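The following note is written for a colleague who is meeting this structure for the first time. Please keep the sequence and the model in view while reading the numbered points.

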2 protein chains.
Amino acid sequence: MAPTSRDIAREAGVSQSTVSRAMRGDARVTVETRHRVAEVADRLGYMPNRSAQSLKSRRSQTVGVVVADLRNPYFLEIVDGIQDELNLAGYRSFLVTDRLDFGRGTELVDVLGGSVDGVIFASSRSADEAPIRLASRGMPVVLINREIERQGFDRVLSDYGMGGILAARHLHELGHRRIGLITGPSSLAVFRDREREFRRVLAEFGTPFDERLRREGLYTHQVGSQWCADLMRRPDPPTAIFCADDVVAFGALDAALQLGLRVSDDLSLMGYDDIEMAAWEMFSLTTIRQPMGDMAREAARLVLQRIGGLAMDEEPQRRVYAASLVRRASTGPAKTEPLDDGST
Amino acid sequence: MAPTSRDIAREAGVSQSTVSRAMRGDARVTVETRHRVAEVADRLGYMPNRSAQSLKSRRSQTVGVVVADLRNPYFLEIVDGIQDELNLAGYRSFLVTDRLDFGRGTELVDVLGGSVDGVIFASSRSADEAPIRLASRGMPVVLINREIERQGFDRVLSDYGMGGILAARHLHELGHRRIGLITGPSSLAVFRDREREFRRVLAEFGTPFDERLRREGLYTHQVGSQWCADLMRRPDPPTAIFCADDVVAFGALDAALQLGLRVSDDLSLMGYDDIEMAAWEMFSLTTIRQPMGDMAREAARLVLQRIGGLAMDEEPQRRVYAASLVRRASTGPAKTEPLDDGST
DNA sequence: CGGGCGAATGACTACGTATGCAACAATAAG
DNA sequence: CTTATTGTTGCATACGTAGTCATTCGCCCG
């Protein structure tokens, strides 16, 4: 049905080899031959068979990208950045969500294995098994914002500890003393790092974190909304809440509206990531920014390096990106309690 | 480096054919043989080479999915639905955004051609060239919410005309007589259909559309925000605006907030699609719902049918889904003008 | 007890391309 | 006019697997 390089060769009066070379822009082919081949190929609607190309050249020119759930814009911005960089290098990306693959990660290995030249894990959900199994088969693997005990992975990380510090300082400076925390799954190192530093700073300021104001869950709107409502219905509600990410903060904002609270006046809200939407007027969310785009592009560059021949036993790379505070309107001075400079 | 089926065969003391059959669960292989092969494969970390499989079986078990821009949740919900259905059938999806490929669509053909068994176009941006070229090469193509003159494509459509009617009725019933319209690119049939019906209904009600209240642009937050501000700064601003989609409505809402307008009281806003976010308390957006998930799954089913052998010259399928009104808090009765039942 | 039959497996080839190597033509140098 | 050289092209092969056909073996039935 579909014409092959042999068909093109016959029609153009050259050999199949020449067609192959002409299509790939090999300089050893005369300009006129190249033109003739191109003309015939176009006329017959020839498309090189990717499978055959990959089989022969042992490269699929494709990198697997694993994210937890595209519904969270955090992942979108990462996917976007990766694609930009991969496309520049002539590579394609094969996007996989492990939403359905919650537990074991074996299916993930089957889907990716043998069809990509490398994999970038931006997911924080799937078990550690998938990256380890892939890497042990010689597949280049890069992790974004993800810690795995096993060594040997290239990693791109945002400094979540620093994020926790910046958030704690900001809220404390505004005078908040009762601060709620809605954090992500504590199985993930990034959330543990952030929480640890957040609490450390608060304690240093002399206002240790109140355990009863802690909530944990997935980073979804639903979770933010539910826990925020839960926290604010307490007899002693917090005056500020630090959320797992921006989407969770939107959920919290939603709950606050439903409870008739004015954000910033009655309740300060902080998010994390600084996704595009956080800047929308209606949210105007104070948040901790991590440069998702830069990190994603760096991850793509790292995986391309490994694919390009950088031996697997070369020193694993580790790139850490600083976090920064983005002040907007969702946080404001605490009203109910007097300002009390607790710094030592 | 990576073990092949031959390596497994040697190690397990069987032939390569048997390994192939065992891996694919062929019933003709003894249970014990299958187990032995599976054990060896697992031990050596064998992964079948997808390229070789595809080359031999002439199927990649992959369907290309083309969307304009993942940043719009409308596309996300479609991608999600497609993936659900494809995964059920053991197919994978290869996601491509044609964001960078604005004009010609040839690059798109190169990326998809020869590597997928079928393509679903949910994009409304790229030129008509890509689907036509792919189809002319015998590739099954399904279009979602997209009209192309050329016949022979399976299509899944939402009834945009009906959406326009529902919106016009709703706003008119609320008493609005000065209604703004921020629509999508008029190069797209769906937007033309909707606008035509929208205007027809308004005219029938005796309150023809005021051309000066029409704006057009891409379906982005930015566009909604900009045009809404533009419309509301007029000496005779509209009392309601019907937006191209929900994201545009969010932009409009943003602008309204910035201008100090109260949504629903000072200005009614309607979106289109009913993406998940539209139900968030802070938006509570009245909108026209189209069942993106159902449509996406149907599109997947259609493309799988064609791949499964339904001849290309079989009657092209055409599935039209009804639109429905979802009333929420962003629309309310017009205040400034007296209710005037213009119905005949 | 032998012929035949079915179940299980093995040998072999083709899928469409990339690529090393040989062949060839054209040109330059001797 | 011969030989070396450079630049183009053709030939042949291998990539790893699926599937066709052939083979083996055990078993049932006549």
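Two residues are said to be in contact when heavy atoms lie within 4.5 Å.

1. Basis of the note. This is a predicted model, in which local features need pLDDT of at least 70 and side-chain atom pairs count only at pLDDT 80 or more, while totals for chains, interfaces and linings use all residues. Residues are numbered from 1 along each chain as its sequence is written, chains are lettered from A and ligands numbered from 1 in the order in which they are written, and side-chain values use heavy atoms, with hydrogens and water left out.

2. Confidence. The pLDDT is the predictor's confidence in each residue, on a scale from 0 to 100. For chain A the average is 90, and 92% of the residues score at least 70. Residues 100–105 of chain A fall below 50, and this stretch has 10 contacts in the model beyond near neighbours in sequence. Where pLDDT is low, the predicted coordinates should not be read in detail.

3. Surroundings of A:Asp117. This residue is found in the loop between α6 (106–112) and β3 (118–121) of chain A; helices (H or I, at least four residues) and strands (E, at least two) are DSSP runs, numbered from the N terminus. Leaving aside neighbours within four places in sequence, A:Asp117 is in contact with A:Arg59, A:Ser60, A:Gln61, A:Thr62, A:Tyr91, A:Met139, A:Pro140 and A:Ile307. A polar atom of its side chain lies 2.8 Å from the backbone nitrogen of A:Gln61.

4. Buried means under 20% relative accessible area, exposed over 50%, and partly exposed in between (1.4 Å probe, protein chains only).

5. A:Arg59 itself. A:Arg59 is placed in the loop between α4 (50–57) and β1 (62–67) of chain A. It counts as partly exposed because its relative accessibility is 46%. Not counting residues up to four places away in sequence, A:Arg59 touches A:Ser54, A:Tyr91 and A:Asp117.

6. Salt bridges. The whole structure holds 60 salt bridges over all chains. In one of them A:Arg178 pairs with A:Asp210, with the closest N and O atoms 3.4 Å apart. This pair links distant parts of the chain, 32 residues apart: A:Arg178 is in the loop between α8 (160–173) and β6 (179–183) of chain A, and A:Asp210 is in the loop between α9 (189–204) and β7 (214–216) of chain A. Both A:Arg178 and A:Asp210 are buried.

7. Salt bridges in chain B. B:Arg200 forms a salt bridge with B:Glu204, the closest N and O atoms being 2.6 Å apart. Both residues lie in helix α9 (residues 189–204) of chain B, 4 residues apart, about one turn of the helix. B:Arg200 counts as partly exposed, with 36% relative accessibility. A further salt bridge joins B:Asp266 and B:Arg262, where the closest N and O atoms are 3.1 Å apart.

8. A:Tyr160. This residue belongs to helix α8 of chain A and is buried, since its relative accessible area is 7%. A:Tyr160 and A:Ala322 are 162 residues apart in sequence, yet 8.4 Å apart in space, C-alpha to C-alpha.

9. Backbone angles in chain B. Two residues other than glycine may be checked for positive phi. B:Arg58 has phi near 60° and lies in the loop between α4 (50–57) and β1 (62–67) of chain B; B:Arg58 counts as exposed, at 73% relative accessibility. B:Asp273 has phi near 115° and lies in strand β9 (residues 268–273) of chain B; B:Asp273 is buried, with a relative accessible area of 4%.10. Symmetry of the chains. Copies are superposed by least squares on the C-alpha atoms of residues with pLDDT of at least 70 in both. A rotation of 180° with 0.0 Å of shift along its axis superposes chain A on chain B, with an RMSD of 0.1 Å. That is the relation of a two-fold axis. The same surface serves both copies, as 100% of the contact residues of chain A recur in chain B. Of the residues of chain A, A:Ser51 comes closest to the rotation axis, at 2.2 Å (C-alpha).

Key. Polar contact = N/O pair within 3.5 Å; in protein donor to acceptor, adjacent residues only side chain to side chain. Salt bridge = Lys/Arg side-chain N within 4 Å of Asp/Glu carboxyl O.
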